[in-house]
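Biologist: I'm new to this one. Could you put it up and walk me through it?

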Amino acid sequence: MRVKFFGLDRQYQEHRENFLEIAERVWSSGKVLQGDEVKSLESYAAERFGRKRAVAVGSATDALAFALEAAGVGEGDEVIVNALTFIASASAILRVGASPRFADVEETFYQPDFDRAEKLVTPKTKAIIAVHLYGQTFPTARAEAFADKHGLVLIEDAAQAVGAYDGERPAGSIGLASCLSFDPTKVVGSFSSAGLFLTDDDGVAKKATMARYHGRDPETRRIVRLGFNSQLASDMAGMLEYKLRQLPDWLERRNEIADRYKSGLADIDDLDLPKTRPGSTHNWHKFVFRAKRRDELKAFLKEREIDTMIHYARPVCDEPLFAELGLPEEARDVPVARRLGEEVLTLPLYPELRDEEVDYVVEAVKEFYK
Ligand SMILES: Cc1ncc(COP(=O)(O)O)c(C=O)c1O
């Protein structure tokens with residue numbers, strides 16, 4: 001049995017009629033950019049994520065850079081960010097000319113360690129990009145208290161946490177601005193690159209709107225700054241709204257699969273299975289666990305045609321781009337993230353995965369440790 005890592009192809013087959021209907025409507029209208037679907041997605045998402053304003057953009061990577069820029073972060077400023085995350089969380093900092101300071105994650109839920117991040121704060125620190133990792137939420141009140149204490153702008157990287165909650169608060173509702181990703185590998189994945197910028201501040205939303213389209217002021221339509229082209233296509237916006245409306249069902253199935261993995265693998269002493277932080281929900285963007293002899297296990301599963309991935313093999317600060325910046329030692333002192341890089345493994349998890357495939361994966365892991 002072949003178990004693929006992603007299920008976007010199966011999702012397409014299951015919802016084909018709906019997707020094609022949206023494509024037909026948009027394409028036959030000729031309004032393939034800046035169409036009604038984009039506005040509709042923005043107003044639906046603002047309500048769904050408890051925000052005043054939503055700006056659809058080309059990617060969360062762009063959204064993060066737009067957020068820093070809107071917050072006035074630039075040359076000479078320092079920004080704290082998770083060490084264990086996708087590269088885009090940190091590259092946004094370089095894009096605006098600021099300098100990253102890497103915060104380690106804690107051992108249990110792999111969320112940012114705000115206690116240890118204290119030592120990263122200097123008079124130059126202007127913002128913190130806090131990343132919800134793997135699909136559950138970091139403690140949002142703790143993040144806010146950290147930012148308040150040090151007078152920092154809080155930017156929420158919710159790329160992986162769409163649909164997750166911290167208590168009553170949805171991921172996407174925290175800080176000055178929140179950045180969501182609809183990259184094809186995400187819980188709500190577009191058939192393209194796509195992202196969303198969320199904020200409660202009209203001025204910040206306006207800055208993101210201008211950054212998204214060539215620096216054009218949305219009211220005067222004059223070009224007032226240097227901007228980008230980061231538009232979300234109308235067909236993708238229409239399909240994303242449709243997909244967001246399916247999310248409750250998809251989350252239920254994702255949780256079922258996670259439970260099936262957890263109960264199937266519970267008796268293996270050599271594994272440290274994922275734990276959900278009390279108070280948080282999990283969208284199971286990634287089912288990440290720690291494994292003894294990780295690389296051998298990965299190779300063993302590959303032989304059985306089971307795809308796995310590693311999130312992440314090393315902290316972002318150890319990638320050459322960041323390692324060559326010559327950052328001070330304490331700005332990349334992240335022992336937990338480094339250790340996790342050698343131990344973590346991610347199993348396939350998407351709503352379209354069948355129970356027999358999940359069981360096949362479980363049996364293969366058990367066989368390896370037998
Ligand atoms: C934590 C995190 N931040 C940012 C991004 C960037 O998102 P995008 O691919 O939409 O640019 C991703 C994923 O791709 C991510 O996982």
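Biologist: Let's start with Gln246: is it buried, exposed or partly exposed?
Modeller: Gln246 is partly exposed, because 15 other C-beta atoms lie within 10 Å. The cut-offs are 20 or more other C-beta atoms within 10 Å for buried, 12 or fewer for exposed, and partly exposed in between, with C-beta atoms placed from the backbone. Before we go on, this is a predicted model: local features need pLDDT of at least 70, side-chain atom pairs count only at pLDDT 80 or more, and totals for chains, interfaces and linings use all residues. Residues are numbered from 1 along each chain as its sequence is written.

Biologist: Okay, and which helix does Gln246 lie in?
Modeller: Gln246 lies in helix H8. Helices (H or I, at least four residues) and strands (E, at least two) are DSSP runs, numbered from the N terminus.

Biologist: How many residues does H8 have, and how far does it reach?
Modeller: H8 covers residues 234-265, which is 32 residues, and reaches 43 Å from its first C-alpha to its last. That is close to the 46 Å expected at 1.5 Å a residue; the expected span is 1.5 Å times one less than the number of residues.

Biologist: Where does H8 bend?
Modeller: At Leu247, by about 50°, taking the angle between axes fitted to the seven residues ending there and the seven starting there. A proline, Pro248, follows within four residues.

Biologist: New topic: which domains is the chain divided into?
Modeller: Domain 1 is 8-242 and domain 2 is 247-369, with bounds from an automatic or database domain assignment. Their centres, taken over C-alpha atoms, are separated by 24 Å.

Biologist: How many residues does the contact take from each domain?
Modeller: It takes 36 residues from domain 1 and 29 residues from domain 2, where two residues are in contact if their C-beta atoms, placed from the backbone, lie within 7 Å. On the domain 1 side, helix H1 (8-29), H4, strand S3 (99-103) and strand S6 (165-166) give two or more residues.

Biologist: What about the ligand? Which residues are closest?
Modeller: Ser59, Ala60, Thr61, Ala159 and Ser181 are the closest of the 15 residues that surround the ligand. A residue counts as near if its C-beta atom, placed from the backbone, lies within 6 Å. Helix H3 (60-70) and helix H4 (87-95) each supply at least two residues of that shell.

Biologist: What about His214, what is its phi?
Modeller: His214 has a positive phi of about 55° and is not a glycine either. His214 is in the loop between helix H7 (202-212) and H8. With 14 other C-beta atoms within 10 Å, His214 is partly exposed.
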